[in-house]
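Hi,

Here's the structure I promised to pass on.

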Amino acid sequence: MAKWGEGDPRWIVEERADATNVNNWHWTERDATNWSSDKLKSLLLGLIVENEEGSCEVTEVAKVEGEASINNRKGKLIFFYEWNLKATWTGVSKAGVKYTGSIDVPNLSDENDMEDLDISVSLNKDEPETPLTMLMRTKGADNIRQVLGSYVGYLKTEFTQGMILPTANGMAKTTTSQSKAKLNKTQISSSGSTVAPINTGVKIPTCKFSMREKFLTSPADLYRVFLNQDMVQAFTHAPASVDGEKGGKFRLLDGNVFGEFTDLVPDEKIVMKWRYNNWPAEHYSTISMTFKDRSSETELKVDCRGVPDNEEDRTKEGWKRYYFEAIKQTFGFGSRLY
């Protein structure tokens, strides 16, 4: 995902400000409708859930109707949004039988808490009954509720740059609407993670480091592990979305890690933009993986640049635990067979 820059549609907005409105302090309004429509589609499309009966995926977002805007009133950001969403889900049973159904979300609004959100999941009328419908109504609905909650978090982080100068502590005051000031309830969280603070455009301190690990397999087989969606889901033990092509996006570990493949040299090198979901908005590190054939094993060198200074230890530990150790345990690349 490219950094916001010149030509960014986020800046094609309608703003109103008094001529004497120094630093946009008294009043600024920004239309977030187009940006929100694209963001909602990207968050929902490709969402996957699975269990012992099979797997389901959101394969189409057919309707995104509504509006969103942000007001800056005397230093306070106020968020308004109201959306009616319709999507299509496709399920595949363990036997390979395909099913299709619909998802309706009629009341995504700043007036409703995320736990009050109505998510209606149905199977198409011409389809035979399947346990996958219940999978989508339970786990699927929970995941949809999470990603829609993350939309609100992104609205407060990615879209607000330039609407208000940072306060003394680097944060801007925010509220959902004039009648409701309910923060954080709709933000995705996981163990040790929080939604990033508003991006004020300040350059953050970063670090670079390298890691090396040996795997008892060929460079070609190890290379494939990182680009094949089924193999990524296997070693992360969770649904993942992986487009293993140059320019392809990936999202794994319940959305806590995502990015884009920027350069691929088959069996030799993978370069990607990579981030945790709670890093400052639109900040990605650059990860370069080099695969070296060492006779009976492969040496993997991972060069990391642009990692936030305060995330160095967590990033190293995450790669060791969720990539290196998990791959070895899942595929047997850490044991010699005699």
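One cut-off before the rest: a residue is called buried when its relative accessible area is under 20%. Glu299 comes out at 12%, so it counts as buried. Bear in mind that this is a predicted model.

Glu299 sits in strand β14, which covers residues 297–308. Its side chain makes a polar contact of 3.2 Å with the side chain of Arg212, and another, at 3.3 Å, with the side chain of Arg294. If you skip the neighbours within four places in sequence, the residues in contact with Glu299 are Arg212, Glu213, Lys214, Thr290, Phe291, Lys292 and Arg294.

Next, the nonpolar cores. The largest one has 42 residues, and Trp83, Leu85, Ile103, Leu108, Leu148 and Tyr151 have the most contacts inside it. Elements giving two or more residues to this core include α1 (33–44), β3 (54–73) and α2 (132–157). The top contributor is α2, with 11 residues. Apart from this core lies another, of 38 residues, with Met231, Ala240, Leu264 and Tyr323 among them.

Then there are two hairpins that share β11. Strands β10 (residues 249–252) and β11 (residues 257–265) pair antiparallel over four bridges, with Leu252 bridged to Val257. Four residues lie between these strands, and Leu253 has a positive phi near 55°. On to β12 (residues 269–276): β11 pairs with β12 over eight bridges, again antiparallel, and Gly259 has Trp274 as its bridge partner. That hairpin has three residues between its strands, and Asp267 in the turn shows a positive phi of about 65°.

Cheers

Key
Residues numbered from 1 in each chain as written. Predicted model: local features only at pLDDT ≥ 70, side-chain atom pairs only at ≥ 80, totals over all residues. Heavy atoms only, no water. Core = buried A, V, L, I, M, F, W, Y, C linked by side-chain atoms within 4.5 Å. Buried < 20%, exposed > 50% of the residue type's maximum accessible area, 1.4 Å probe, protein only. Polar contact = N/O pair within 3.5 Å; in protein donor to acceptor, adjacent residues only side chain to side chain. Contact = heavy atoms within 4.5 Å. Pairing = 2+ DSSP bridges.
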